[in-house]
Amino acid sequence: MLAETVCSAVSAAGLGIAAITAYRKRFLAATRIAAYSLVPVGLVMTGVVEWVSGIAFKPSVWVGFGVLGLAWLLFMTTRAVERRTGGTRKERRAAKAAQREAVAPRASAPSLGPAPAQGQQEAAQPQGRPAAQPKSKPKAAAPAEDFSDIEAILKKHGL
């Protein structure tokens, strides 16, 4: 009963403010204020206010809200863990199988082509002098060091 009275008073005050606003020739704003002020009366007439007040004072309802909150928390925790570990079990197995197929058995050994025969190797290099190394330009000071902080950030975020 008290909630219905408060809602009616709020609606009456809102309609009064809407009338003053309309008197100042701000009709669009007055209409908007009138619409907002009629909402509490509409909620009382539909029974929503009585339903909400009935919910607010029952301990079992608050326990139910707590259980819903716990369920939501568990759901969000599992979603976060799933994102961090890479998805479902089926997705992880598929990724592991794809990784195994992508790497060749002897991928760490460089492929330089067939080795020349012993006689051909000696003919290619005259004895007594080692083969001249081609001069290369001095490289920049370790470009890997420049990107190490970026690489660390990417690894931290799992990329």
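This is a predicted model: local features need pLDDT of at least 70, side-chain atom pairs count only at pLDDT 80 or more; totals for chains, interfaces and linings use all residues.
Modeller: Residues are numbered from 1 along each chain as its sequence is written, and side-chain values use heavy atoms, without hydrogens and water.

Colleague: Why is the pair W62 and F65 called tilted?

Modeller: The whole structure holds one aromatic pair. Its ring centres, from W62 and F65, are 5.8 Å apart and the planes stand at 55°, so the pair is tilted. Rings of Phe, Tyr and Trp (its six-membered ring) pair if their centres lie within 6.5 Å; planes under 30 degrees apart are stacked, over 60 edge-to-face, the rest tilted. Both residues lie in helix α4, three residues apart.

Colleague: What makes W62 exposed or buried?

Modeller: Relative accessible area under 20% means buried, over 50% exposed, and in between partly exposed (1.4 Å probe, protein chains only). W62 has 52%, so W62 counts as exposed. F65 has 46% and is therefore partly exposed.

Colleague: What makes E151 and K155 a salt bridge?

Modeller: The term asks for a side-chain nitrogen of Lys or Arg within 4 Å of a carboxyl oxygen of Asp or Glu. The closest N and O atoms of E151 and K155 are 3.6 Å apart, and the two form a salt bridge. The count by this rule is one.

Colleague: Why are E151 and K155 separated by about one helical turn?

Modeller: Because they are four residues apart in helix α8 (residues 148-156).

Note on methods. Helices (H or I, at least four residues) and strands (E, at least two) are DSSP runs, numbered from the N terminus.
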